[in-house]
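Biologist: Could you walk me through this one? I'd like to hear what stands behind each word you use.

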Amino acid sequence: MKNIELVFDRNDIHDHIRSLWKTPEFKHSHASGGLVSQIIDRYASLPRFFYDMSDDRLERAHFSVWWSGVAYRSYNQDTCSDLYLLHEFAHGADMVHIAGAHSEGFRRKMQDNELMASTLTEIVAYFDMPTLRPRTFNGPIFADRFMNDPALQAMWRDDPNRLVQELYFRRRNAMFYPDRNDPIEMWLHGFTTQNDKWFRIWGLRYDAVEVAMEKFSRRAFAGDRKGALLELMEWLDKNSTNGVPFRTEAEKFADVYWEKRDMATVMAA
């Protein structure tokens, strides 16, 4: 991490994130109180920091929003940039920290967080911003099988929370119990192996993060947002090597992350 920017106040977080959006869809959704605004408002309930990566290979694969930080990334496509940021903010918006949790309880907590962030940013975002889909990915995506369903569109209009829950469980089912003849579901299922490796890598150290982050969030919610974030940054610095927090875990998971990315590139060629 380098060029770290600390943002303490809720309104300042909103303002900072507004300056990051590149597409009119995301700017409008944030300004009009749509899905983007709702996610950011929950994300801004805690102080946050933003940074440039000091090691792209290690930190692109790192899960820094777990400890309240979001890395800046460069993309050729503006929609990809905005979707990446929204995904990170969705993680932070719903992330809770429970010190001393059983390893299986921690696993389920993190799985649920990932599934909700993915549901919101890979499916629900297209309901909220209907002009976005033609400007994103050329090939078919999981969201395509829901967008033209009149019943789901009516549900989005009349009971959006119900739609989010239905899509969450549909995505969960596809990820853990895929149709073996469905390439999109099998692609989603492939992330279960990657996630299992992440849990094994963090198996002996995850609670150190949960302890520090529970302390951070409780201090911030008690009113000392600035003190909480400054203390967190000191803790991260103590657990960093050459600018990368938890470098051992970062190196191990980078191998997993980039292997899947390389495989995807070969398959798309």
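**Talking through the terms**

Modeller: Leaving aside neighbours within four places in sequence, Ile184 is in contact with Pro140, Ile141, Phe142 and Arg145, where contact means heavy atoms within 4.5 Å. This is a predicted model, where local features need pLDDT of at least 70, side-chain atom pairs count only at pLDDT 80 or more, and totals for chains, interfaces and linings use all residues. Residues are numbered from 1 along each chain as its sequence is written, and side-chain values use heavy atoms, with hydrogens and water left out.

Biologist: Why does Ile184 count as buried?

Modeller: Buried means under 20% relative accessible area, exposed means over 50%, and partly exposed is in between (1.4 Å probe, protein chains only). Ile184 has 18% relative accessibility, so Ile184 counts as buried. You'll find Ile184 in helix α10; helices (H or I, at least four residues) and strands (E, at least two) are DSSP runs, numbered from the N terminus.

Biologist: What makes α8 oblique to α9?

Modeller: The axes of α8 (residues 150-158) and α9 (residues 160-176) come within 5 Å and cross at roughly 130°. That angle makes α8 oblique to α9. Here's the scale: under 35 degrees counts as roughly parallel, over 145 as roughly antiparallel, 65 to 115 as roughly perpendicular, and the rest as oblique. Axes are lines fitted to C-alpha atoms, for helices over the stretch in contact, and angles run from 0 to 180 degrees between N-to-C directions.

Biologist: Which residues of α9 are buried?

Modeller: Leu163, Val164, Leu167, Tyr168, Arg171, Arg172, Ala174 and Met175.

Biologist: How do you know that they are on the same side of α9?

Modeller: They cover an arc of only 165° around the axis, which puts them on the same side of α9. The arc is that of the directions from the helix axis to the C-beta atoms. Those buried residues pack against α6 (103-128), α7 (144-147), α8 and α10 (183-201). On the face turned away from the buried side, α9 carries the exposed residues Arg162 and Phe169.

Biologist: What is the phi of Ser68?

Modeller: Ser68 has a positive phi of about 80°, although Ser68 is not a glycine. Most residues other than glycine have a negative phi. Asn3 has a positive phi too, of about 50°.

Biologist: And is Ser68 buried or exposed?

Modeller: Ser68 has a relative accessible area of 1%, so Ser68 is buried. Asn3 has 53%, so Asn3 is exposed.
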